[in-house]
Amino acid sequence: MADTATPPTSRVRSWWGWGWADAHPDDAECVAMGALFPGSLARPLPVPRVADLGIGAPAVAPPASLAHLVATDPGDRAAHAMGKAYRDVVRALRGRPRRVPDLVARPRDEQQVADLLEWAGERGVAVVPYGGGSSVTGGVEYRGDAHRAVLSLDLTAMDRVLEVDAAGRAARIQAGTLGPGLEDQLRPHGLTLRHFPQSFEFSTLGGWLATRAGGHYATGRTHIDDFVQSLRVVTPAGTSASWRLPASGAGPSPDRLFLGSEGALGVITEAWLRVQVRPAHKASAAVAFAAFDDALTAVRLIAQSDLVPANCRLLDAGEAALAGAAADGSAVLVLGFESADAPVGDRLRQAVELARSCGGGAVGADGAAGAEGADGTGDAVGAWRSAFLKMPYLRDGLARMGVVAETFETAATWDRIPGLIEAVRTDVGAAALKATGHPATVNCRLTHVYPDGAAPYFTVLAAGRPGDEVAVWDDLKAVAGEVLHRYGATVTHHHAVGRDHRPGYDLQRPEPFALALRAAKDALDPRGILNPGVLVG
């Protein structure tokens with residue numbers, strides 16, 4: 001993936017949908033997309049206005065000592081009321097955001113975070129830590145009425161790379177730093193984190209850590225966990241600061257308690273992370289397969305080799321067609337290699353030959369399989385990359401037409417992967433037909449691959465029931481969760497638990513661990529103010 005420069009500050013984020021407000025499909029484009037789905041709306045739902053939400057006055061006011069950190073503007077509050085899941089977008093379009101936070105606070109240092117938590121605890125105010133707001137699992141909203149007021153704790157004012165250890169290839173970075181800003185600050189040092197989730201532009205380091213986010217790399221360091229040297233976390237019980245170490249065998253890792261804790265145990269304020277020299281050598285190619293099972297075999301063998309591709313994305317026929325990577329019913333394997341030290345063309349050629357030995361055929365249209373420096377622009381690789389970045393905007397356009405556009409991901413061992421993928425296609429497709437009366441499209445791609453398994457990512461496109469899209473979404477989500485549980489697949493590989501995946505997470509985790517997690521919650525957050533309903537409680 002190419003590095004993304006910091007966007008112009010004049011651009012405005014969409015409060016109700018994904019990304020930049022000026023990047024969404026216009027009405028005509030929405031209608032054209034909706035025409036592909038029988039039963040969709042004749043005209044797109046209007047872009048929602050904050051003024052139509054009827055947001056009332058905050059239920060609580062901050063003390064004078066913290067007032068300069070806190071905003072009460074309805075637009076700011078609306079933008080912090082939900083994440084960016086399909087369900088959230090539809091709720092905004094229908095004017096049903098549920099509970100809007102009373103206050104939005106933007107602390108600029110760790111002490112201010114601690115002061116805000118202390119005040120919130122004393123007043124019984126729920127605190128929902130907030131990074132870029134890109135959660136697709138209900139991780140940044142408050143549900144319920146157990147607290148008198150809700151404070152959205154926006155960390156994006158804490159956005160600096162504080163220290164760089166070039167010799168040790170590590171950097172100390174504040175948790176509110178957005179992806180582009182992080183890379184911009186490392187670039188003068190010739191370094192990069194090279195962690196690129198799809199939400200890179202609109203998510204923060206703290207969000208990645210709190211959700212154990214997966215990045216762009218398909219092998220090797222796939223999750224943010226792999227980059228962590230140490231963490232600083234502010235909790236109502238005090239500040240946890242782990243030692244910066246290359247490795248340690250000293251008991252259970254304190255960092256592991258907070259990685260993936262989703263703001264329920266504390267607020268991550270900064271971290272020391274392993275960084276690397278910026279890559280100078282890149283090459284990519286695409287390989288087509290007539291049979292998806294042959295492609296699965298090829299991917300498994302590549303994952304079990306010592307080639308370690310940066311990108312090893314397998315698109316089934318539907319996903320390949322949707323991305324513009326192939327239109328002939330082929331599955332497409334997108335391969336990419338990069339290195340800071342040595343040419344990677346030989347590794348790419350070996351991977352392509354391995355894929356061909358499993359039945360792979362035509363490579364990318366530029367014929368550059370193995371050509372050093374080929375970036376895939378204009379071929380299947382470039383088409384996939386472009387679709388990858390545009391898809392969230394297109395999803396919002398479909399939502400305006402009443403079309404259900406859901407995605408979910410998982411991971412399982414190789415022996416379960418073929419049956420799992422087929423079961424999701426069959427069962428979720430049948431559920432969509434029952435719920436809407438129209439056939440659905442269920443596509444699959446592998447986003448990350450390991451020697452012992454893979455992470456399938458599913459896209460479901462179906463005509464909705466106008467005015468009742470969230471109920472259809474709920475039905476499909478429930479069926480998908482049942483299939484994942486049946487096959488022993490995780491409820492999430494990299495999207496986090498939030499509130500939407502709680503039922504699956506509760507079934508997945510061992511009960512002794514659940515007891516320990518509840519005890520940790522009680523000890524670190526005795527007043528129960530931190531992101532209530534996420535993970536526990």
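Strand β10 (residues 267-274) is largely enclosed by the rest of the structure, because eight of its eight residues are buried, where buried means under 20% relative accessible area, exposed means over 50% and partly exposed lies in between, with a 1.4 Å probe and protein chains only. The model is predicted, so that local features need pLDDT of at least 70 and side-chain atom pairs count only at pLDDT 80 or more, while totals for chains, interfaces and linings use all residues. Residues are numbered from 1 along each chain as its sequence is written, and side-chain values use heavy atoms, with hydrogens and water left out.

Helices (H or I, at least four residues) and strands (E, at least two) are DSSP runs numbered from the N terminus, and two strands are taken to pair if DSSP finds at least two bridges between them. On this basis, β10 pairs in the antiparallel sense with strand β6 (residues 170-174) over five bridges, and Gln174 has Glu270 as its bridge partner in β10. Strand β8 (residues 228-235) also pairs with β10 in the antiparallel sense, over six bridges, with Leu273 in β10 as the bridge partner of Val228.

A further set of four strands forms an open sheet of mixed pairing in the order β1-β2-β4-β3. Strands β1 (70-71) and β3 (125-130) stand at its edges, each with a single partner strand, so one side of each is left without a neighbour in the sheet. Strands β1 and β2 run antiparallel and are joined by two bridges, and Val70 stands opposite Ala105 in β2.

In the loop between β2 (103-105) and α4 (110-123) lies Arg108, which counts as partly exposed at 46% relative accessibility. Leaving aside neighbours within four places in sequence, Arg108 is in contact (heavy atoms within 4.5 Å) with His68, Leu69, Ala157, Met158 and Gln174. From C-alpha to C-alpha, Arg108 and Ala28 are 43 Å apart in space, with a separation of 80 residues in sequence.

A nonpolar core is defined as a set of buried Ala, Val, Leu, Ile, Met, Phe, Trp, Tyr and Cys residues joined through side-chain atoms within 4.5 Å. The largest such core has 77 residues, and those with the most contacts inside it are Phe289, Leu314, Leu333, Leu335 and Leu446. Helix α12 (residues 417-436) gives the most to this core, with nine residues. Apart from it lies another core, of 36 residues, among them Ala171, Val228, Leu265 and Leu524. When residues up to four places away in sequence are not counted, Phe289 touches residues including Asp294, Ala298, Leu333, Ala355 and Cys358.

Thr447 has its place in strand β17 (residues 441-450) and is buried, with a relative accessible area of 3%. Beyond residues up to four places away in sequence, Thr447 touches Ala218, Arg313, Ala455, Tyr457 and His494.

A cavity is a set of points, on a 1 Å grid over the protein atoms alone, where a 1.4 Å probe fits but cannot get out, and its lining residues have an atom within 4 Å of a point. Two cavities of 30 Å³ or more are counted by this rule.

Key: 1 Å grid on protein atoms, 1.4 Å probe; cavity = no way out; pocket = protein on both sides within 12 Å on 5 of 7 lines; lining within 4 Å. Points joined across faces, edges and corners; volume = space filled by probe spheres on them.
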